[in-house]
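Reader: Could you walk me through this one? I'd like to go from the fold to the chain contacts.

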Amino acid sequence: MLFKLNNVWHTYLRDTPFAIEALRGLSLTIEAGQTTALVGPTKSGKSTVVDLLAGLIRPGPGTAFFEGTDIAGSTFDSQRIRSRVGVVFQSPEAQIFEETVGKDVSFGPRQKGVSLAESRRLVQTSLEAVGLPYEDFRSRYTYALSGGQKRRVAIAGVLAMQPKVIVLDEPTAGLDPRGRRDLLDLIHRLKHEHAMTIIYASSSLQEVIELADTVHILDQGQLAFSGTPRAVLQRAAEIAALDITLPEATQIALALRECMPDFHTDVVSLTELEEEISRNMSKV
Amino acid sequence: MIELSRNVTIGQYINNDSPLTHMDPRAKLLCAIALIILVSAISSFAPFIPCLLFCVVVLLLSRIPAAYVLRGFKPFTSLLIFIFLFQVFLYQPAQHPHLLWQWGIFTLSWASILLSVLLIVRCLFLYYLISMLMFSTSIVDLTDGAEALLSPLQKIGVPTNAFIMVLVIALKFVPIFLTEVERLMKAQAARGVRFDRGNIFQRATKIAALLIPLFISGFKRAETLSVAMEARGYGGRPGWKRSKRRIMHTGRGDVAALLVSLFLCISVVCIAIIVPL
């Protein structure tokens, strides 16, 4: 078990007039080697969980374990979590702080103190892993990149640290449809070719339905329910009520259910929707 | 944990419906200016006692937790200690040099200790007054009030509106910049920077590395803001006068506040004359 959160609370800006209770007794587990999706509407606490998994905040009341060790324990070295878990934050612009792509991607390795040749190799492999040619992009200025490219550079910067786990916080927010598809393809590649553990926070179930092995639905800082994508889709009506974008096929299935109470909502693709429609029609 | 805005409170507006937030900004500014002048002019300890009482009343009226206000002093303390040490060891009283201790250019005397403590007390009061003004006044109120008070200058051709806008934006940018620094620190911490390790010089270098991206994002923000202001017709042609949707009213409470401030000023001056220390 990679992460285990047990009744975790967290308040931002504690003891100020601006205090926000982001997590209210959240409990969930994240397995290594899997792709886990954290899905919830805005203000459901996704980004706080991301900060927690990145070792940037400690649970208020409650316990959080990383590979069996208590994160809040006095002996816990936050560097351990940071060397194994790479985080791509919500807005990639915030994550890129160096002038050129090469310098930015090599920031992590340089902090670790690896040799120049090794750092160069890491930059090259991680830039190529995200689909940016090394020779072309290495000396480009980071502020002149497009939104999609910035996101790739941010991911490359994280990959260069050679993490076992990568946490992505709403990676496709604000991208055009093409950029979105390209990025999702990249994440699929990371999952299948690089065999990474992926934790993906999103407000849309549509994005993660094909990717995820486990889906956790969050609501108001708590775990609403969790399960495999299919198990979660069976409760599509509850998900829709939480203002989470469902996959297109599920949306149609949910609407059809109003006239056919027996209609199953755990359909992922249009083909499955078609099968479900013919199953229902044959009964009539 | 990286959460700067918990401790740095300057420039925040707390809209909690307290009587202070409802005050006429002109009256509030006048009171604040009177008190700031008063606190700057006091040169002995006794007159600070009524000022302290007044501050407690303001705090109660503002309905802001005292702990939050006090926490705002935290980042300020190291600077104050620095000022205090400089003042106390380098000040040389012209008369009665009863030196307690001397080493090269560094001296210590009762006069310098008294003066330095007074200076620190004065700084604390000023900081408190200005932060209370900021906590209870929205950006729109602050500009409207200052514009109204400075309108006589506008008549002789001083572009007061522009100056006030610059000042207010600068103040209100403090919390925005802090969140920006927080984001940058998070991003760097996630990639292996340890802000909690190393000696003071190593820490300073780590903070310095945040400055360049901070400046870049600051410039970008300023550009966006100026475009947004222009798009909404800010500035306009010379001779144009912007009309206002909200009209300021001076109510009974505002008059009372002005009177109380005036009374405080008079009583403090009286105390200063009667009690010499």
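Reader: Of the contacts in chain A with a separation of 6 or more, what share comes from residues 24 or more positions apart?

Author: Such residues account for 63% of them, where a contact means that two C-beta atoms, placed from the backbone, lie within 7 Å. This is a predicted model, in which local features need pLDDT of at least 70 and side-chain atom pairs count only at pLDDT 80 or more, while totals for chains, interfaces and linings use all residues. Residues are numbered from 1 along each chain as its sequence is written, with chains lettered from A and ligands numbered from 1 in the order written.

Reader: And how many residues of chain A touch chain B?

Author: On chain A, 22 residues are in contact with 22 residues of chain B. The largest share of that side of chain A, four residues, comes from α5(A), helices being DSSP runs of H or I with at least four residues and strands runs of E with at least two, numbered from the N terminus.

Reader: Switching to chain B, which residues of α9(B) are buried?

Author: They are D254(B), A257(B), S261(B), L264(B) and V268(B); buried means 20 or more other C-beta atoms within 10 Å of the residue's own, with C-beta atoms placed from the backbone.

Reader: What do they pack against?

Author: The buried residues of α9(B) pack against α1 (25-41) and α2 (48-62) of chain B.

Reader: Back to chain A, how many helices and strands are there?

Author: Chain A has 14 helices and 10 strands, and 41% of its 284 residues count as buried.

Methods. A residue is buried if 20 or more other C-beta atoms lie within 10 Å of its own, exposed if 12 or fewer, and partly exposed in between; C-beta atoms are placed from the backbone.
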